[in-house]
Amino acid sequence: MTSKNKWLSSPYILWSVMFIIIPLGMIFYYGLTDKTGAFTLENITAIATAEHAKALWLSLLLSIISTVICFLLAYPLAMILSNMKVNQHSFIILIFILPMWMNFLLRTLAWQTLLEKNGVINSILNFLHLPGMNIINTPYAIILGMVYNFLPFMVLPLYNVLSKIDENVLDASRDLGAGSVHTFFRIILPLSIPGIISGITMVFVPALTTFVISTLLGGSKILLIGNVIEQEFTQASNWHLGSGLSIVLMIFIILNMIASAIFDKEGEGSML
Amino acid sequence: MKNKKCNMILAVFSLSLPAILTGCGSSQGGANGEVIVYNWGEYIDPDTIDMFEEETGIKVVYDEFETNEIMYPKVESGAASYDVVCPSDYMISKMIENDMLAPINFENIPNARKNINAQYFEQSKSFDPGNKYSIPYCWGTVGILYNKTMVEEPITSWAQLWDEKYSDNILMQDSVRDAFMVAEKMNGFSMNTVDPTELETAKNSLIEQKPLVQAYVIDQVRDKMIGGEAAIGVIYSGEAIYTQRENPDLEYVIPEEGTNVWIDSWVILKDAPNKENAEKFIDFMCRGDIALKNFEYITYSTPNDAARALIEDESIKNSSIAFPDLSQYNNLETYVYLGEDGDALYNNLWKEVKSN
């Protein structure tokens, strides 16, 4: 019985070795060596150069802003959804997931067409004699692209935790005389922390590492850390520097995960 | 491959996967084997591949790349074993320098010398000194495409890309060499310079220009110019005919400061598994009627005289965009490979421009 179970897990082990462990090993190998194959930390410390530091700072800033906006948009929506009847909310969830059936690149390209100077939105504004908006190729367009693309990743985990909160807990809260604001801050919010954490991670990490959104909606004028790494691989063919910078980026992602683990514990603590 | 496998664990990591993949690929093939071609995206009429397969019984495995820089590491690592590749001038010299190409046996490719104008072989000598490794496939210039209804005076010079009038109406190429070429020519330098002070000047020009630039793009110049998104764009001559067909307001010009004349050529890799079929493929592509089909499909200038003679539309046959008389222009150059240090210098300066 147990040997059968072990055998069943072998495809997953093979998968993670082939596509996770080996690639990670290669990133560390390339990141910690120079062109001659000798050990060096130069590719890591290269993050301190003005261009790289600026790109990293900009990436952090834009992804934090996007995460906050996603959270503020997603939380009320998730609450509304969790209070709906089963038929209604599954329809709304479907509508939310529907665009994700389409390719991510196509959706981002569509935003380009929408936002362009002669694009769809400006044509409509023009037709209504309203002033046009010019956010394409600016950081605002990048934030818009991030929020649009990653919003479902915030809504779904929040919806999951909120819909699992026991009605009786809320009834008890009201029974004991708590108003709705009080109930929200003392009961609902603490209970939804695991969802908030996974939502933040699922938005922050892809936003931090993206290079496609900044290329398509930023007109390649705004260099994010993802763009720098992509260019090291595709244009400069300097895999060592590209891997070194990827390791730095991984450190930030791990920091984010550690922070969420700590917060999660506190969240559970306050539950008791 | 076998020897390398013993060397390092990493080598196993990087080599085993492609070996498995190509292992699967090579078991199938046409009656007369196969040929593996690695070409630019949208750079061939797919019908010609079918015709080749039908006539010769050789199966074509066709793969595409977007830039020379993406193509190079893939070919170099041997991650996939290609037979025929179609890189540009400076990349060919890099590949020759690193001993990646096989000398071409012109006896097996009779159409090359017969149909391709000797002028282009002469031009190729700047990157392939003995004409030993490459056969020209397409060539062209880099110039300015502008929308006649959106500019106040005719565009004739790179310097007009620094004109504040056209702020937010300028599209630049999003690749290191092409972007620097514009700034270098504007400042009167060679586009192959590695002089640090000249490069510093060019970099500062690009930084100065950046606020005026709407976007740095590659293939999207075409669609954005057709849609009237921008007034001026830096573009490859081969795209100009297509864009004019879609939007008659567009005009292509070779700037007076000079520009890049480039050639993309077929080469056969040193480790090519199917050299004979590779020769047959290149010979087929050099045939007049096939080169004509490709020219009509991709609209990039063909160096093939037999194909040009077959063009029926006189206005295209004598088009100054597709077949410019290069003797009229000054300071035309072809990119040369700048060496690893030169490449690194350019890449770092480009990063400074982009992050500014």
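How many residues of chain A are in contact with how many residues of chain B? The views below come from a predicted model, where local features need pLDDT of at least 70, side-chain atom pairs count only at pLDDT 80 or more, and totals for chains, interfaces and linings use all residues. Residues are numbered from 1 along each chain as its sequence is written, while chains are lettered from A and ligands numbered from 1 in the order in which they are written.

**View 1. Contact of chain A with chain B.** 19 residues of chain A are in contact with 23 residues of chain B (C-beta atoms, placed from the backbone, within 7 Å). On the chain A side, α1 (2-31), α3 (50-83) and α12 (225-234) each give two or more residues (helices are DSSP runs of H or I, at least four residues, numbered from the N terminus). That side has seven nonpolar, seven polar and five charged residues (nonpolar: Ala, Val, Leu, Ile, Met, Phe, Trp, Tyr, Cys and Pro; charged: Asp, Glu, Lys and Arg; polar: the others, Gly among them).

**View 2. Domains 1 and 2 of chain B.** Domain 1 covers 2-138 + 263-326, and domain 2 covers 140-261 + 329-355 (bounds from an automatic or database domain assignment). Their C-alpha centres lie 27 Å apart. The contact takes 20 residues from domain 1 and 17 residues from domain 2. Helix α5 (residues 89-97) gives the most to the domain 1 side, with five residues.

**View 3. Helices α8 and α16 of chain B.** The axes of α8 (residues 176-186) and α16 (residues 339-355) come within 10 Å and cross at roughly 80° (lines fitted to C-alpha atoms over the stretch in contact; angles from 0 to 180 degrees between N-to-C directions). That makes α8(B) roughly perpendicular to α16(B) (65 to 115 degrees). B:Val176, B:Arg177, B:Ala179 and B:Phe180 meet B:Tyr346, B:Asn347 and B:Trp350.

Technical notes
Angles under 35 degrees count as roughly parallel, over 145 as roughly antiparallel, 65 to 115 as roughly perpendicular and the rest as oblique. Two residues are in contact if their C-beta atoms, placed from the backbone, lie within 7 Å.
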